[in-house]
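Biologist: I would like to learn how to read charged pairs and helix packing in a model. Could we take them one after the other?

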Amino acid sequence: MMLTVDLQSNSVELTDSSELGVMATQNTVALEESSQRPETPQEAPQPTSAAIAQSVIRLAEGVQPVTLAAGMTATPETVLEAMRRLVDVIVELRSPDGGWSTEIPQTPETLLPYVTEEAYDLLDALQQQSIQPLLHPTIPSPTGAQFLHQDNCSIADLTPWLLWAIARSSYEVMQLLEGMEVQVADPEQEWQSGVLRLAIALQLDSPNVNWTFDLVTHQPGQPQLPTTAQIQNTTLNPNSPLLAGEFVQQIVQQIQRSTPTLCPFVVGIQTTVLIPQHDWQTGRLRLQFGLEFVPTTLPQQEHSLEASPVTTDTPEAERATLSPQPSSLKPLIQFTDAPWSSRYSAIVNQQHLDAILTHLQMSNTKTAIHLSSTTSVTEVVTAGLIIADQLQQSSTLASRNIPHQTWRLDTLNLRLLWCVSRGGHDIMQLMAGIAVQVLQPTQLWQSGTLRLAINLKLQTPELDWQLDLVTGRPVSLNAYGLMTDAVVQSLRDTPEGARQTEWCQYPILVQQLTHKVMQDIQHATPEIQLLLDGTEINLQHANEPWQPGTLQLILGFEFVPDRVIK
């Protein structure tokens, strides 16, 4: 599947011809070399989708990702805690039970008398320690892509990373990338059923070559849904239809807040591109967002995209459960440990508050917030109002905050799978499986597939189940486990030609690889640690009584060999 880095959009001038490997001299050799190139860029054929996929881009000098050091928050803890208390009071005042009169507008001035203590506490925290993001240019964040730090990057490498970065913004965005059953109506037209897809394309604008490349279909951009069209779907908005144009804007804003690494790609990055059969082109590369709707006359079915993005056999995965009669088992799960659920929600809310505050602090838009020791009390309350709005509208927060509702097991599995996969692009690659060679103690080198297995263990007085979230199947007793002191290394040349995770480029112990995985998960989705520790639940199968039990996530590496390396 399928992040935004704060890159600077500086222009590029190719004045150093040595970078292109072309000698800028007047000797005969240089003339012969130049005669073999197209006379002018305009005479080269228009690039095909296959050629675009094979293209190489070079970011402008100085335009490199700047990332947060692992384990650090961008906002000082004292400021973050004071802002949380202010936001909590504002949310309570604005709630239906808050007692706020409908005749009084909710403005910073009208709210101030009710949040005076919290506002001044935040001012005190700001005076002691201003918000200054703890930037560390050498330690990559979980959302960082290593290849962006290199001089050149291929579109083939960039595409899956962009899709993952977009999909991690929320579970619903991931579903939209695959397609979602909705109803759509243009103004003064009847409602029509069909599949709605979030279409993401890379667009290059340059003087000589212009192209649009759909990241999912790898084809030129398709006609998009009019911005005035209305969309009806209970998952996206249970109360009223959404306007297509406003919905796309909400998605883009959500993506930028969730993955700031993507922001430069949204506004556009100055770059040079080398397309097969073309010369280097200087231009602007940016992400283009839209909605595509395919009408259908087929009957509405149960949500067709409740499936894992890395599951390769969807029909079997949908049938697979944890009982001897998988076709009939769709148990319900409730989280029953109230203190555990409160800790889970607090971790998610605190991290999301930090992400929103950091994004607004670094933004140049009209909603930007620049808090400092000189900020006035009115500006502090204004900031609290903006953050409260964004928290309530955040689909990322809703996707991650799972303990306070009843879940069907198959739906919960997919939510948990999304939560883990958003921890990092390398993690997603490992979940899908990568080609490696392995050396285990007392054995020969073996080639095969290495996969990060994520299992959900459920126990009740009568049952003991374990489900593989990636495959959707019960955990096999014959699974190929790996010893922690085994050595793994990704294969450099794979049949698919796909890029392997950076973590395994050189020999690494399974123990060290596991540590890297846990580091990124705990940084991006720290609430997962609570699931790894386990918690109490109630489970109900069919119409039987609820049973007390426990739920726990288990992570480990699985290796399936295919041949012995001599």
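Biologist: With which residue does Asp-214 form a salt bridge, and how far apart are the closest N and O atoms?

Modeller: In general, side chains of opposite charge can pair when their charged atoms come close. The term salt bridge is used here for a side-chain nitrogen of Lys or Arg within 4 Å of a carboxyl oxygen of Asp or Glu. Asp-214 forms such a bridge with Arg-197, the closest N and O atoms being 2.9 Å apart. Because Asp-214 lies in strand β7 (residues 210–214) and Arg-197 in strand β6 (residues 192–205), the pair ties together parts that are 17 residues apart in sequence. Helices (H or I, at least four residues) and strands (E, at least two) are DSSP runs, numbered from the N terminus.

This is a predicted model, in which local features need pLDDT of at least 70 and side-chain atom pairs count only at pLDDT 80 or more, while totals for chains, interfaces and linings use all residues. Residues are numbered from 1 along each chain as its sequence is written, and side-chain values use heavy atoms, with hydrogens and water left out.

Biologist: Is Asp-214 buried or exposed?

Modeller: Buried means under 20% relative accessible area, exposed over 50%, and partly exposed in between (1.4 Å probe, protein chains only). Asp-214 is buried, with a relative accessible area of 1%, and Arg-197, at 12%, also counts as buried.

Biologist: Which residue forms a salt bridge with Glu-81?

Modeller: Glu-81 pairs with Arg-85, the closest N and O atoms being 3.7 Å apart. Both residues lie in helix α3 (residues 77–94), 4 residues apart, about one turn of the helix. Glu-81 is partly exposed at 26% relative accessible area, and Arg-85 is partly exposed at 32%. A network of salt bridges links Glu-81, Arg-84, Arg-85 and Asp-88.

Biologist: How many salt bridges does the rule give?

Modeller: The count comes to 12 salt bridges.

Biologist: At what angle do helix α5 and helix α12 cross?

Modeller: Two packed helices are described by the angle between their axes and the distance between the axes. Axes are lines fitted to C-alpha atoms, for helices over the stretch in contact, and angles run from 0 to 180 degrees between N-to-C directions. The axes of α5 (residues 116–128) and α12 (residues 377–393) come within 9 Å and cross at roughly 105°. The two helices are therefore roughly perpendicular to each other, a term for angles of 65 to 115 degrees, whereas those under 35 count as roughly parallel, over 145 as roughly antiparallel and the rest as oblique.
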